[in-house]
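Visitor: I have a model open and want to learn how to read it. Where do we start?

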Amino acid sequence: MQTALKNSFGDYFEPALLDEIAKEGIYKEIKASEKIMEIGEYIKSMPLLISGAIKVLREDNEGDELLLYYLEKGDTCSMTMACCMGDAKSEVRAIAETDVEVIMVPVRKMEEWMANYRSWRNFVFDSYHNRLNELLLTVDTIAFMKMDERLVAYLAEKARINESKVVKNTHQEIAYDLHSSRVVISRLLKRLEKLGKVKLHRNHIEIIDL
């Protein structure tokens, strides 16, 4: 775990803090599509992402989801931090987009590290800043982009995150992430296929030129 920590967070944290994280943290391997955090749960630990990608979603009153942002290597979820610090329930759902490696940091150590390590404070503030920018981008796409533009951006980001031109999501799953309907997504995907942007297969979508 020490080597993985240094590779992912060595540029952020001083050696003493890395040693504490290695001592207090719990290393976990999580398979793609497994749930890491659920809405309404009290949070006892915070994830530091060593490898892979996690998608963070919000849910409306009717149970429909909206993709907020992705977490990648070296990231953490600032919303998790806020809940941890306030002993509140999680307001987001986190699901492994790919196979991931995380180190779960216990809540009881967070405030202590905020006081003792400048690098941890900077990391927390940087995380808030980055996640806020991503949330603003999500708001912008909803407010100012048409659904076909949002779909293209979504597929391109999926390809980047997974390092593959094959998107292994059903039309319904994409509709959930974009807070749309399967019928709308299917229609837009067929239009993209006619334009030569994607190729639709039974169980996946192949990106040709986005």
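This is a predicted model: local features need pLDDT of at least 70, side-chain atom pairs count only at pLDDT 80 or more; totals for chains, interfaces and linings use all residues.

Visitor: How many salt bridges are counted between domain 1 and domain 2?

Guide: The count is 3. Separately, look at Asp177 and Lys55. They form a salt bridge, with the closest N and O atoms 3.3 Å apart.

Visitor: Now the nonpolar cores. What is the general idea?

Guide: In soluble globular proteins, nonpolar side chains tend to be buried together. Here the largest nonpolar core has 21 residues. Leu151, Tyr154, Leu155, Ile174 and Leu189 have the most contacts inside it.

Visitor: Which element gives the largest share of this core?

Guide: Helix α6, with 5 residues. The core also draws at least three residues from each of domain 1 and domain 2. A second, separate core has 19 residues, including Leu17, Met46, Met110 and Val124.

Visitor: Which residues of helix α4 are buried?

Guide: In α4 (residues 107-116), they are Lys109, Met110, Trp113 and Met114. Seen down the axis of α4, these buried residues fall within an arc of 140°, so they line one face of the helix.

Visitor: Which exposed residues does the face turned away carry?

Guide: Arg108, Glu111 and Ala115.

Methods
Residues are numbered from 1 along each chain as its sequence is written. Side-chain values use heavy atoms; hydrogens and water are left out. Buried means under 20% relative accessible area, exposed over 50%, partly exposed in between (1.4 Å probe, protein chains only). Helices (H or I, at least four residues) and strands (E, at least two) are DSSP runs, numbered from the N terminus. The arc is that of the directions from the helix axis to the C-beta atoms. A nonpolar core is a set of buried Ala, Val, Leu, Ile, Met, Phe, Trp, Tyr and Cys residues joined through side-chain atoms within 4.5 Å. Domain bounds come from an automatic or database domain assignment. A salt bridge is a side-chain nitrogen of Lys or Arg within 4 Å of a carboxyl oxygen of Asp or Glu.
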